[in-house]
Amino acid sequence: VKPFCTFLFQEGVTRTNVGVRLKAPPYVQSQKDAMTEEDIRALFAVADRRQTIVLAFGFYLAMRVEALVSLKRKNISGIDHDSRSFVVAWKAKGDRMVSKTFREWDALPRGWVKKMEAWDPEAFLLPGRKVRSHVTSRTAERWMTKMGTECKILLDLEGKSTITPHDLRHAGGTIVAKKTNGNAYQIKAHLHHKNLSTSQHYVHYTTEETREALPRFAGIQHLR
């Protein structure tokens, strides 16, 4: 519109260039829906062994894909077969070290933990094609697209899934929020963020869920 108004002014059609007073509306990035628990179960059902590791660590530990694909055997410690758990330590965003206990043993490929225990400390959990290499973030993204398309999760107009490994963090954050009645500190702890304000962007609610929640807040003004 601005170039058109400038053209009219230069051609003498208008006396003033009204385009200089126009302001573009703020850009608001649309937020796609988060995956549901049913979606997560569907992905696990079609995943192969390596894809299962991406799903398990990405969803239950809320790991970023860059850290996930570069995990080594030495990043895992405290393997306890009785409690069926182990500790995963990695470098998060901002070079912060994060350590979390993984308890969803049954979500991993059968026999994977026992085999992994014998690996060299420098061995990657998701080895690549070359010696001492790991799969790339792009490969993990392709896996998610393939699995999501097969499960018909968040498809675009061409029938291709739009989910990425990062959506596993959003799904986990949203599910934790719903199960804890929106406890901000538990959401923050799951996503291992430094600030509560960052975690709020990982929680998704549908229009229907928001509409159902509004009556619960209708009486807040009477509490003043």
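W90 stands opposite V98 in strand β3, within a predicted model. The strand β3 covers residues 97-102 and is joined to β2 by six bridges, the two running antiparallel. A search of the whole structure also finds six salt bridges, and three of these pairs are described below with their sequence context.

**Strand pairing and hairpins**

- Strand β1 (residues 76-80) pairs with strand β2 (residues 85-91) in the antiparallel sense, over three bridges.
- D80 stands opposite S85 in β2.
- The hairpin of β1 and β2 has four residues between the strands, and R84 takes a positive phi near 55° there.
- Five residues lie between β2 and β3 in their hairpin, where the turn residue G94 has a positive phi of about 80°.

- K179 and E37 form a salt bridge in which the closest N and O atoms are 3.7 Å apart.
- Because K179 lies in helix α7 (residues 166-179) and E37 in helix α2 (residues 37-46), the pair ties together parts that are 142 residues apart in sequence.
- K179 is exposed, at 61% relative accessible area, whereas E37 is partly exposed at 34%.

- E38 and R41 meet through their side chains in a salt bridge of 3.4 Å, N to O.
- The two residues are three apart in helix α2, so about one helical turn separates E38 from R41.
- R41 counts as exposed, with 52% relative accessibility.

**Salt bridges between loops**

- E122 forms a salt bridge with K74, with the closest N and O atoms 3.1 Å apart.
- E122 lies in the loop between α5 and α6 and K74 in the loop between α4 and β1, so the pair ties together parts 48 residues apart in sequence.
- Salt bridges with shared partners join K72, K74 and E122 into one network.

Conventions. Residues are numbered from 1 along each chain as its sequence is written. This is a predicted model: local features need pLDDT of at least 70, side-chain atom pairs count only at pLDDT 80 or more; totals for chains, interfaces and linings use all residues. Side-chain values use heavy atoms; hydrogens and water are left out. Two strands pair if DSSP finds at least two bridges between them. A salt bridge is a side-chain nitrogen of Lys or Arg within 4 Å of a carboxyl oxygen of Asp or Glu. Buried means under 20% relative accessible area, exposed over 50%, partly exposed in between (1.4 Å probe, protein chains only).
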